[in-house]
Amino acid sequence: MLWGVLSDIHSNLEALEAAVDRLASQGAEGWLCCGDIVGYGAEPNPVLDRLRGLKNIQAVRGNHDLAVLGRMDIAWFNEAARAAVEYTQSTITAENLAWLKELPPRVDAPTFTLVHGSPRNPAEEYLVTVQQFHDNCSYFKTSPCFVGHSHLPMAFLMSEPVSYVDHGPLTPGQVIPIPEHTRIVINPGSVGQPRDHEPRASCGLYDDGARTFTLNRVKYDVDAVQKKIRSAGLPEFLALRLAYGQ
Ligand code: ZN
């Protein structure tokens, strides 16, 4: 089966539509979402409506989703992130809030694991170093383990029994083979707020039969999203950063 892999959508409808269109055209029949569906952007409800309508969707909650639910202390969030949480809380529908509430912290499926930050600490850890990858390997059973949170498309792969780790950022069109009996963590990057200095939406296609993952970058209408962020009264920084992929 082909899965579209999405993470960190952050209430950016244009980016989500572009990613879904691209991955559907490549044959995606199911969808995996690593959380942070809301926060930062101006359209939490249209994004949640669209995501909930996707066939075979499996999703986990992120720290911004938890913040909107009032289940995470936002004292450490920066001012802009906090403003977006408050905006989301004031606009989200009861139905979408109820759906968000039901999201699990992780999904352990036969052909993949799904978390937001890391398998060891799904809500908070940014898994970005080889040491962290090593430390997290005993916390998931099925590979690939898809993570989000850092907004950086990257992969870590360890062949067993040799514990050599291959790792690095993922480039558009790059195909990662996922041999059986390897430990692999893949971050598909962020759909709605990429931070690798590349503004295009980041997402991936996972083929659980051929065991490959392909990274995609998709252009979307950044101008339109910036206008919506400004007219929602959200901080200017949240609009500006989208153009720079930061
Ligand atoms: Zn995020």
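W76 is partly exposed, with a relative accessible area of 48%, while F77 counts as buried at 4%. Here buried means under 20% relative accessible area, exposed over 50%, and partly exposed in between (1.4 Å probe, protein chains only). This is a predicted model, where local features need pLDDT of at least 70 and side-chain atom pairs count only at pLDDT 80 or more, though totals for chains, interfaces and linings use all residues. Residues are numbered from 1 along each chain as its sequence is written, and side-chain values use heavy atoms, with hydrogens and water left out.

On to the rings. The whole structure holds 5 aromatic pairs; rings of Phe, Tyr and Trp (its six-membered ring) pair if their centres lie within 6.5 Å, with planes under 30 degrees apart called stacked, over 60 edge-to-face and the rest tilted. Two of them are tabulated here.

| Pair | Centre to centre | Angle of planes | Class |
|---|---|---|---|
| W3 and F112 | 5.4 Å | 65° | edge-to-face |
| W76 and F77 | 4.7 Å | 65° | edge-to-face |

W3 sits in strand β1 (residues 2–6) and F112 in strand β5 (residues 112–115), so their pair ties together parts 109 residues apart in sequence. Strands (E, at least two residues) and helices (H or I, at least four) are DSSP runs, numbered from the N terminus. Both W3 and F112 are buried. Elsewhere, F146, Y206 and F213 make up one aromatic cluster.

Now for Q226, which you'll find in helix α7 (residues 222–231). Q226 is buried too, at 9% relative accessible area. Neighbours within four places in sequence aside, Q226 is in contact (heavy atoms within 4.5 Å) with A239, L240 and A243.
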